[in-house]
Amino acid sequence: MASLSADNLACVKRDRVLFEGLSLRLQPGQILQIAGVNGAGKTSLLRILAGLSMPESGRVCWNDSPIDDDPCGFHQSLIYIGHKPGVNRLCSAQQNLEQWCRIHEVAHEQHILPVIDRLGLVGLEDLPAGQLSAGQQRRIALARLWLKSAPLWVLDEPFTALDRNAIALVERRMQQHLEHGGMIAVTSHQPLSLSHSLERLELEYQL
Ligand SMILES: Nc1ncnc2c1ncn2[C@@H]1O[C@H](COP(=O)(O)OP(=O)(O)OP(=O)(O)O)[C@@H](O)[C@H]1O
């Protein structure tokens, strides 16, 4: 059975221990919300779980093997959306998503326009992303959730700048993912409205 596990993780930034001895396990159909005040280390933890930065100590395993053993296989199993939208401001929504699909080797020809439509970006798809609002740029980033099929989603503040309708749309997508056996690690300063039971990990701000 697929799983993400973290074993005895420690993370230090500029001589401050953000967390240590942190272990967790995420299995199909489970969602873990990582909570904590600003600066507690939520983004730092998500980046470690996604294999984007190294912990001071401890390890992250995908299907019980260290993620370093098969980084390509792990990244194929993952969608990571960071707290910044991560879109190229000079490219349109369509171009951004085409590039993302190419990099992630996702077939995209028929899929991108329907997703742009679903996310309410029709009519804006040819504008440079830098000319879109913060919420519209966030929608481009979140389109990835409809374009790639991956069991593990790591989402850092996915609702930032979104209006109520867009939040509900993303929550429904998350719900669907969990019902199909997906896994989600998410940070959000706002409560999640899912009819799925939620694991919660509260990071304390360590001085
Ligand atoms: N690349 C870095 N270099 C040095 N310090 C860093 C770096 N990244 C993060 N930090 C520090 O680590 C601490 C935790 O940052 P992090 O972004 O993980 O917090 P967070 O819990 O996600 O906060 P927020 O709720 O504001 O998003 C902060 O004090 C920050 O200054």
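1. The quantity called pLDDT is the predictor's confidence in each residue, on a scale from 0 to 100. The structure shown here is a predicted model, and for its protein chain the mean pLDDT is 94, with 100% of the residues reaching 70 or more. Where pLDDT is low, the predicted coordinates should not be read in detail. The scores for the model are ipTM 0.96 and pTM 0.95.

2. On secondary structure, the protein chain contains 7 helices together with 9 strands. Among the contacts between residues at least 6 apart in sequence, 70% join residues that are at least 24 apart.

3. On overall dimensions, the protein chain has a radius of gyration of 17 Å, which agrees with a compact globule, because a globule of 207 residues would have a value near 17 Å. Taken along the principal axes, the box that the C-alpha atoms fill is roughly 50 × 35 × 35 Å. Of the 207 residues in the protein chain, 33% are buried.

4. Which residues are around the ligand? They are K13, R14, L18, G36, N38, G39, A40, G41, K42, T43 and S44. Helix α1, which covers residues 42–49, gives the most to this shell, contributing 3 residues.

Terms used. Residues numbered from 1 in each chain as written. Predicted model: local features only at pLDDT ≥ 70, side-chain atom pairs only at ≥ 80, totals over all residues. Helix = DSSP H or I, 4+ residues; strand = E, 2+ residues; numbered from the N terminus. Rg over C-alpha atoms; globule rule 2.2 N^0.38 Å. Buried ≥ 20, exposed ≤ 12 C-beta atoms within 10 Å, placed from the backbone. Contact = placed C-beta atoms within 7 Å. Near = placed C-beta within 6 Å.
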